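Here are a few exercises to work through with the model open beside you. Try each task before you read its solution.

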Amino acid sequence: MEIVYVYTKKRSEFGRQCNFSDRPAELHVDILPDTSLAANFTVRDPCNVTVQCAEEMSEHEVNTERFESESRGVNHVEGGWPKDLNPEDMEATIRYRKKVEKDEHYQNTIMQIAGLMEHCCKQNNATDIYQEFFEDEDEEVMEESEEQPSAKTINVFRDPNEVKRTATSLSWHPDGNHKLAVAYSSVEFQRAPNDTSFDSYIWDIENPNKPEMTLKPVSPLVCLEYNPKDSHILVGGSYNGQIAYWDTRKGSQPVEMSTIEHSHRDPVYKVIWLQSKTGTDIFSASTDGQVLWWDIRKMSEPTERLVLDPSKKGNLDSALGAVSLEFETTMPTKFMVGTEQGLVVSCNRKAKTPAEKIVCTYSGHHGPIYALQRNPLFPKNFLTVADWTARIWSEDIKESSIMWTKYHMAHLLDGCWSPVRPSVFFTVKMDGTLDVWDILFKQNDPTLSLKVCDEALYSIRVQDNGRFLGCGSQLGTTTLMEISAGLCTLQKNEKALVSEKVQIQHLFERDIYF
Amino acid sequence: STLTPFAEVEDTLKRIQGINGVIGTIVVNAEGIPIKTTLDNSTTVQYAGLLHQLTMKARSTVRDIDPQNDLTFLRIRSKKHEIMVSTDKEYLLIVIQNPAE
């Protein structure tokens, strides 16, 4: 049933002001009840009604503002001398002391408490009550318990700036692992507002409130690495292609930077310290298609240059852009480069001609290779993380990887092996999850999958002890996590089992292609 | 013994200082004035101030639990050494010892 009301207005009157006036109500429609409709309904009997006689309460959550606390100490310089005594006056103080010493009460008290003290001192020398007595037993108990793999967050370090940048690279301090250097930069081209800070920070893992040290580069750092031989030196690759190095004893400004003319033309995505007698050699890779070698003592120009041209002609225009580098100190003549195009290029440092430098390529990925690392215990096998998968390769088979994960729903952005367990590796994804994989346990799914944050995780680095790891997110939040003992203790026969598994996969793939 | 009380005290403190592993001995009064010490002044004053406060806290803890009770000895074991405080209402005897391994 349609109810329509029509009013007319002459066209010549359009645009005139509205003159409102009152008029009595007009009845337009009167709809009477239709009793036949009642037949569609029945009376509900009984009715269930809930009634509660209780106080109404509501729940509220409040998050207080970040409380900045600082530790301060007070230095107590002099004891509580009596008012009439000048503490500077040596004679007066000595006289006072002598007076106390002659006091009978003092003498009696001291004799009493000294006796007790002597007893305890001698006791300390007799037995060490804090000695570990049942060390062996503890170990046995550990092996038997089958704990669920787990990881917990220990600390969260947030980018202190208003405009958050992505934590693109993490590096653990080489001695003791108490500090974490994080490089911050904005990965999206020209998306960052003009006043975005360029600073990167070194955090003390015990203090998430304030970074321990600030590094001030000329252009935001995309990658940052501690020198494994000298823990005061760090090298960073920046967004504008320059390389800079810092000495933490000398302050926030870089000690030296590479000259713009000889640096990369694109952001430097990875920089690695090489093994050398001087401990000052590094090499860097960038999407401009070059891999450059530097000696940090002389940053005016690189010591060597390699163009990643797969046709081996050294042509920069057809070069592949590099996004990751790999170097193992146990194999110093070889290194690998992960490219934007999805190829892994294996190179030989010692080759005489540039053409011979590029040895071979491994194909299989569909997108830039964000992470590339050899297995610490089985260096012939390496892990690549790109597109939606992580793959494990055997050096000898170039056409395909020997093991790979399923295709995930989100891109994988970084990954690394566990330094202590050859079968464990970690990956982080664009949806903010961290996955821990154990190739002996399950190949299709991660052994442990955790949602660390809501934004993408861009970087991950595991400490040398394999127990702690840091992962950096798109909003500059670095999360320090501790994984359960089971995931970082070498299991019985693990090396042999991994070796066997890798061998089987290797033979399987090889047989497909040969 | 035939020694005067003064000498006895001296003797006892010397003996404690001579025990294997003892790094320093300090006697402090309730005001925080070091009466006798084998360490340098700034270290002594630091130990005296800090341990006096800790001892007061420990004593009040013991007495809160049981008013009849009182603190007699406090031992702080750290990674590097052990700090022992023997207390009385008015004086503190502090000994830092590195126990023989």
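**Exercise 1: a sheet in chain A**

S6(A) and strand S7 (residues 233–238) of chain A pair in the antiparallel sense over five bridges. Strands here are DSSP runs of E with at least two residues, helices are runs of H or I with at least four, both numbered from the N terminus, and two strands pair if DSSP finds at least two bridges between them. This is a predicted model: local features need pLDDT of at least 70, side-chain atom pairs count only at pLDDT 80 or more, and totals for chains, interfaces and linings use all residues. Residues are numbered from 1 along each chain as its sequence is written, chains are lettered from A and ligands numbered from 1 in the order written, and side-chain values use heavy atoms, leaving out hydrogens and water.

*Solution.* 
1. The open sheet runs S6-S7-S8-S9 (chain A), with antiparallel pairing.

**Exercise 2: a helix in chain B**

*Solution.* 
1. B:Val9, B:Glu10, B:Thr12, B:Leu13 and B:Ile16 are buried.
2. Seen down the axis of H1(B), they fall within an arc of 165° (taken from the directions from axis to C-beta atoms), so they line one face.
3. The face turned away carries exposed B:Lys14 and B:Gly18.

Conventions: Buried < 20%, exposed > 50% of the residue type's maximum accessible area, 1.4 Å probe, protein only.
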